[in-house]
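Please look through the sequence and the structure shown below before reading on.

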Amino acid sequence: MKHPKILAMALAAGLVTGLAGCTPASTETEPSSIPGVVPTTASPSTPSSSASHEHGDAVDDPAKIELAKQAATIMTTWNPNKDFNRTAAEMRARKLMTSERATQVIAPERPATGVEWLTAAEKKAISKPTVKLMTEHHEQDTVAVTATWQWVTKDGESWAGEGKQTFFFTFNDTEPYKIRDYVSSVR
């Protein structure tokens, strides 16, 4: 795993459950197809100490915070009538990732299912996320954000999405910043 601190933090916060059977690139779980933890298997890379001192904590860097919010928004914006599964949104966010991380986002071959997804598809609804910085999160070089969403139809009907997705993002060391790694969990 590329960033064991991120996973350890998520475990300590009680955000991660049932890691058994998770695959490195898939965010689909069964039976509800709600994204789960996304561990990575890329080789470790540690930023140089000078890079860490030069940029400080990621949570103090407005550019990294905005990139994390943008990525989480993209990753939780779904159109069940166009998206085969929830990973389609993560694939749209690959442009915000390093090329190494982007290649790890691979959609599963099975479609999304579950009541929430199927209801949204039936009503032709699209998710509209609200993304917030987790201010209580203080891990150096990591920005944590949570996303909740409303499902909204063209004629204005809306209802709350099920759960909350939490993302822990790390970034490359030079601008323009890209997402080097991330994990996510759903509650």
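Which residues does Phe167 touch, not counting residues up to four places away in sequence? Phe167 touches Ala72, Met75, Thr76, Val143, Ala144, Val145, Ala147, Tyr182, Val183 and Ser184, where contact means heavy atoms within 4.5 Å.

The structure is a predicted model, in which local features need pLDDT of at least 70 and side-chain atom pairs count only at pLDDT 80 or more, while totals for chains, interfaces and linings use all residues. Residues are numbered from 1 along each chain as its sequence is written, and side-chain values use heavy atoms, with hydrogens and water left out.

Helices (H or I, at least four residues) and strands (E, at least two) are DSSP runs, numbered from the N terminus. Strand β4 covers residues 165–171, and seven of its seven residues are buried, a word that stands for under 20% relative accessible area, with exposed meaning over 50% and partly exposed what lies in between (1.4 Å probe, protein chains only). Gln165, Phe167, Phe169 and Phe171 point one way from β4, whereas Thr166, Phe168 and Thr170 point the other way, and all are buried.

Two strands are taken as paired if DSSP finds at least two bridges between them. By this rule β4 is joined to β2 through five bridges, the two running antiparallel, and Val143 stands opposite Phe169 of β4. Seven bridges join β4 to strand β5 (residues 179–186), again in an antiparallel arrangement; here Thr170 has Asp181 as its bridge partner, and Thr166 stands opposite Ser185. Strand β5 is also mostly covered, with seven of its eight residues buried.

**Two nonpolar cores**

A nonpolar core is a set of buried Ala, Val, Leu, Ile, Met, Phe, Trp, Tyr and Cys residues joined through side-chain atoms within 4.5 Å. The largest one has 22 residues, and those with the most contacts inside it are Met75, Met97, Val145, Phe167, Phe169, Ile179 and Tyr182. The elements that give two or more residues to this core are α3 (62–75), β2, β4 and β5, and its largest share, seven residues, comes from α3. Apart from it lies another core, of eight residues, among them Trp78, Ala89, Ala120 and Trp151. In soluble globular proteins, nonpolar side chains tend to be buried together.

**Aromatic rings**

Rings of Phe, Tyr and Trp (its six-membered ring) pair if their centres lie within 6.5 Å, and planes under 30 degrees apart count as stacked, over 60 as edge-to-face and the rest as tilted. A search of the whole structure finds six such aromatic pairs. Trp117 and Trp151 form one that is edge-to-face, with 6.4 Å from centre to centre and 90 degrees between the planes. This pair links distant parts of the chain, since Trp117 belongs to helix α6 (residues 115–122) and Trp151 to strand β2 (residues 143–152), 34 residues apart. Trp117 counts as buried because its relative accessibility is 4%, and Trp151 counts as buried because its value is 0%. Ring pairs link Trp78, Trp117, Trp149 and Trp151 into a cluster.

Two rings have a charge sitting over them, a term used if NZ of Lys or CZ of Arg is within 6 Å of the ring centre and within 35 degrees of the ring normal.

| Charged residue | Ring | Distance from ring centre |
|---|---|---|
| Arg86 | Trp78 | 4.4 Å |
| Lys123 | Trp159 | 5.1 Å |

**Helix α6 and what follows**

The buried residues of α6 are Glu116, Trp117, Ala120 and Ala121. Seen down the axis of α6, these buried residues fall within an arc of 130 degrees, so they line one face of the helix; the arc is that of the directions from the helix axis to the C-beta atoms. What covers them includes β2 and β3 (158–160), while the face turned away from the buried side carries the exposed residues Val115 and Glu122.

Lys124 follows α6 and lies in the loop between α6 and β1 (126–133). Its phi is near 55 degrees, a positive value in a residue other than glycine, and Lys124 counts as exposed because its relative accessibility is 58%. A cis peptide bond, with omega about 0 degrees, joins Glu175 and Pro176, and Pro176 is found in the loop between β4 and β5. Most residues other than glycine have a negative phi, and most peptide bonds are trans.
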